[in-house]
Amino acid sequence: MTATVAPVAGEQRILLHNVSWRLFESLLEELGDNRSIRLSYTRGTLEIMSPLMAHENSKRLLEKFIDILVEELDLNVKSSGSMTCKRADLEQGAEPDSGFYIANEPRVRSKSRIELPLDPPPDLVVEVEYSRSAVDKLKLYAAMGVPEFWRYDGENLRIFRLTAGEYALVENSPTFAPIPTCEIPRFLALSPQSGETAAVRSFRDWVRQMKMRRI
């Protein structure tokens with residue numbers, strides 16, 4: 001088993017090769033749920049990501065913005081956070097920064113434990129990647145059938161929609177239509193200048209303005 005360490009501004013990543021699925025599942029059990037590191041696994045390759053300040057700040061702001069979108073568009077939601085999404089039949093697993101059940105919320109509303117593939121995957125997963133993961137998350141989440149995937153790199157927010165088993169890059173989120181979610185990065189950029197509270201308030205005001213324009 002070989003290891004590579006790559007410290008970066010947003011995350012620290014450790015990449016391990018020749019890791020069995022059994023060892024991956026054992027690590028999940030031993031580490032438990034009360035931890036900050038997140039694991040991603042695909043067919044023998046395990047990545048351990050430790051988030052730093054910039055990563056976690058962006059993650060929390062994105063979660064707040066998604067909460068606002070859900071509330072203002074009157075959608076039901078069940079947040080799954082960094083819940084481990086894993087499929088033994090695919091030998092793939094990941095712990096996104098954030099996950100949300102929206103369209104499938106009624107199917108999991110009363111569940112305290114999700115078992116894939118018996119249960120649906122989150123409708124939306126969010127990954128903050130100041131440094132690109134060595135695990136191909138597009139292929140991983142597509143294989144699991146996650147309908148929508150957001151990737152934020154500290155500047156750009158890329159939104160992917162699952163179509164015919166593969167992700168296609170789209171301008172705006174189909175989940176939150178008709179809000180032009182491509183504008184989200186400019187509100188994330190407000191936080192270092194004006195503070196999180198001001199950025200969140202500005203985002204909510206803007207969402208309401210977008211709604212009124214479409215009435």
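Mentor: Strand E11 and strand E12 (residues 166-170) are paired antiparallel, with five bridges between them. Strands here are DSSP runs of E with at least two residues, helices are runs of H or I with at least four residues, and both are numbered from the N terminus; two strands pair if DSSP finds at least two bridges between them. The model is predicted, so to speak of local features requires pLDDT of at least 70 and side-chain atom pairs count only at pLDDT 80 or more, whereas totals for chains, interfaces and linings use all residues. Residues are numbered from 1 along each chain as its sequence is written, and side-chain values use heavy atoms, leaving out hydrogens and water.

Within this pairing, Leu162 has Tyr167 of E12 as its bridge partner. Two residues lie between the strands of the E11 and E12 hairpin, where Ala164 adopts a positive phi near 55 degrees.

E11 (residues 157-163) is also joined to strand E10 (residues 148-152), again by five bridges and in the antiparallel sense. Arg151 is bridged to Arg158 in E11. The hairpin of E10 and E11 has four residues between its strands, and Gly154 in the turn shows a positive phi of about 100 degrees.

As for the annotation, an unreviewed UniProt entry lists residues 28-174 as "domain: Putative restriction endonuclease"; such positions follow the numbering used here, feature names are shortened, and annotations may be inferred rather than shown by experiment. Residues 28-174 are 24% helix and 31% strand, and their end C-alpha atoms are 33 Å apart.
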